[in-house]
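Me: I would like to learn how to read the fold and packing of a protein model, one feature after another. Could you take me through this one?

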Amino acid sequence: MNLHDCAFVCTDGNSVLSMKQSIQNQAGHPSGLIGKLFGWTMNVFNRTDNRWTIELLKLQPSDKLLEVGFGTGQAIEYAATKSKQGLIAGVDHSETMLATAAKRNTAAIAAGRVQLQLGEVEALPFADSFFDKACSINCIYFWEPPERGFAELRRVLKPGGTLAIVARHKQLDAHRQYTPEVIGALMKEAGFTEVVAQEGPGSRFPVFCVTGLA
Ligand SMILES: C[S@@+](CC[C@H](N)C(=O)[O-])C[C@H]1O[C@@H](n2cnc3c(N)ncnc32)[C@H](O)[C@@H]1O
């Protein structure tokens, strides 16, 4: 049984609704013990997406990368193996995920190569034109409004910097649904150019990635 199936084990309509609401809340803002459990499922089901995204970005040793919504910090950990002299930064608005990701990346944080902090895509705590690359994986469903997140990402990227947004084709029912076309249009509206969509590696939950240049 996966987390989606969990929404249907209850028998009455109200319970189903509240269970769905609670799944959406936890996926969008994991907290406490249940949040840690969600973290465990992310580790299992999102590993391929996380690695694939970092490979797509073709990180150079001195690149500065930002990840929005790092969850348990899998992609951050992998990125830190690629960018040895640069900086891997992350923001996530969940304290539970910040603690989990910080534990996973303890050595790289101590070495100053990884910086993780609480934050929201809608108000990124960074100077203009700071990053070479940025990504967000399985997170865009929760941006409110998405236009604000894209404007912020464009602001903190250097001109010509790359943004990669990865999303599942089928999200949990309660999430905002996205297609490559919708994300591409949002990116163009925010001023990104050379916007291209591609399919992710085959997996139980198929994903796509839309990239563009700031
Ligand atoms: C479904 S998890 C995905 C985590 C990770 N990227 C992965 O694929 O394994 C979504 C993460 O994004 C974070 N998040 C959701 N909305 C956010 C926002 N507006 N700003 C920052 N983080 C956000 C959540 O706290 C959660 O850790």
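Me: How many helices and strands does the protein chain have?

Reply: Helices (H or I, at least four residues) and strands (E, at least two) are DSSP runs, numbered from the N terminus, and the protein chain has 9 helices and 7 strands. This is a predicted model, in which local features need pLDDT of at least 70 and side-chain atom pairs count only at pLDDT 80 or more, while totals for chains, interfaces and linings use all residues. Residues are numbered from 1 along each chain as its sequence is written.

Me: Which residues have the most contacts inside the largest nonpolar core?

Reply: In soluble globular proteins, nonpolar side chains tend to be buried together. A nonpolar core is a set of buried Ala, Val, Leu, Ile, Met, Phe, Trp, Tyr and Cys residues joined through C-beta atoms within 7 Å, where buried requires 20 or more other C-beta atoms within 10 Å of the residue's own, C-beta atoms being placed from the backbone. Here the largest such core has 47 residues, and those with the most contacts inside it are Leu65, Ile76, Ala79, Ala134, Leu163, Ile165 and Ile183. Strand S5 (residues 157-168) gives the most to this core, with 6 residues.

Me: What is Ile165 in contact with, leaving aside its neighbours within four places in sequence?

Reply: Two residues are in contact if their C-beta atoms, placed from the backbone, lie within 7 Å; with those neighbours left aside, Ile165 is in contact with Ser136, Ile140, Ile183, Cys209 and Val210. Across the protein chain, residues 24 or more positions apart account for 68% of the contacts with a separation of 6 or more, and 43% of its 214 residues count as buried.

Methods: Buried ≥ 20, exposed ≤ 12 C-beta atoms within 10 Å, placed from the backbone.
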